[in-house]
Amino acid sequence: SGLSWTPSPYPAYTGSTSVTKTTLSKIHCTPAYQRAVVAATVTLSDGMTSDVSTNGLLTPSSDTTSVVPTPNKIGSAFVLQPTAAGTANVEFTFGVGIGQSRTITVADTSATVTALTWATSFWQSATSPVTFAAIKGSTKTVQLAATFDDGTQFPEAVGGVSWAPPGPHPPFPSGAPDRHHTSPAGV
């Protein structure tokens, strides 16, 4: 019997639960660091396992709270949200005397974007592989996914961003400004 816990990239993306993320890097061109969500499993004496991710307690050692403060719950999951570079010892406990510690490294080395992918489908046409099609005066919210050089991804890198402080969104200029307008919020 015992307990094990794994930090995986947050926000989640297809395949992220199979990635162990013990080094959280600075997100290039932002003051923010990558985050990790915790998955914890307890193995009982009969060999059965149970997911206890939402039922335990996740705490950094008192001397490392400046690197990884007490983790927040986003929804029902514990999420490590670093605030400074360094090393943090973090323990997940479940019940009395059942726990496991892990070392989490927070690095000022940047994770840089290596690919941007439209996650929004657009109408296809014979003359253009990607064409916006909309009724005049309407808006369409686009979703842009980012992949980083360490293989992690942000499935939604523009709208509803909670991983970086508010700031200007990248402009999406148009070759036909009389037909297309992008607001400062990226809409």
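1. Definitions first. Two strands pair if DSSP finds at least two bridges between them. Strands (E, at least two residues) are DSSP runs, numbered from the N terminus. On these terms, an open sheet of four strands runs in the order β2-β9-β8-β5, with mixed pairing. The edges are held by β2 and β5 (57–60); each has a single partner strand, so one side of each lacks a neighbour in the sheet. From one strand to the next, the twist averages 30 degrees (axes are lines fitted to C-alpha atoms; angles run from 0 to 180 degrees between N-to-C directions).

2. Basis of the note. This is a predicted model, in which local features need pLDDT of at least 70, side-chain atom pairs count only at pLDDT 80 or more, and totals for chains, interfaces and linings use all residues. Residues are numbered from 1 along each chain as its sequence is written, and side-chain values use heavy atoms, with hydrogens and water left out.

3. The β8–β9 pair. Strands β8 (residues 86–93) and β9 (residues 99–111) run antiparallel and are joined by eight bridges. Glu91 faces Ser101 in β9.

4. Gln34. This residue sits in the loop between β2 (23–27) and β3 (35–43). Gln34 counts as buried because its relative accessibility is 4% (buried means under 20% relative accessible area, exposed over 50%, partly exposed in between; 1.4 Å probe, protein chains only). Its side chain makes a polar contact of 2.9 Å with the side chain of Asp150. A polar contact is a pair of N or O atoms within 3.5 Å; within protein, one must be able to donate a hydrogen and the other to accept it, and residues adjacent in sequence count only if both atoms are side-chain atoms. Beyond neighbours within four places in sequence, Gln34 is in contact (heavy atoms within 4.5 Å) with residues including Lys21, Pro82, Ala111 and Thr152.

5. The cavity. The structure holds one cavity of 30 Å³ or more. Here a cavity is a set of points on a 1 Å grid, over the protein atoms alone, where a 1.4 Å probe fits but cannot get out; lining residues have an atom within 4 Å of a point. The largest cavity has about 50 Å³ of space. Gln34 is in its lining, with Lys21, Arg35 and Thr152 also among the lining residues.

6. Thr43. This residue lies in strand β3. Thr43 is partly exposed, at 29% relative accessibility. Ser4 is 39 residues away in sequence from Thr43, and 8.4 Å away in space, C-alpha to C-alpha.

How values were computed. On a 1 Å grid over the protein atoms alone, a cavity is a set of points where a 1.4 Å probe fits but cannot get out, and a pocket is an open set with protein on both sides within 12 Å along at least five of seven lines; lining residues have an atom within 4 Å of a point. Grid points are joined across faces, edges and corners, and a volume is the space filled by probe spheres set on the points.
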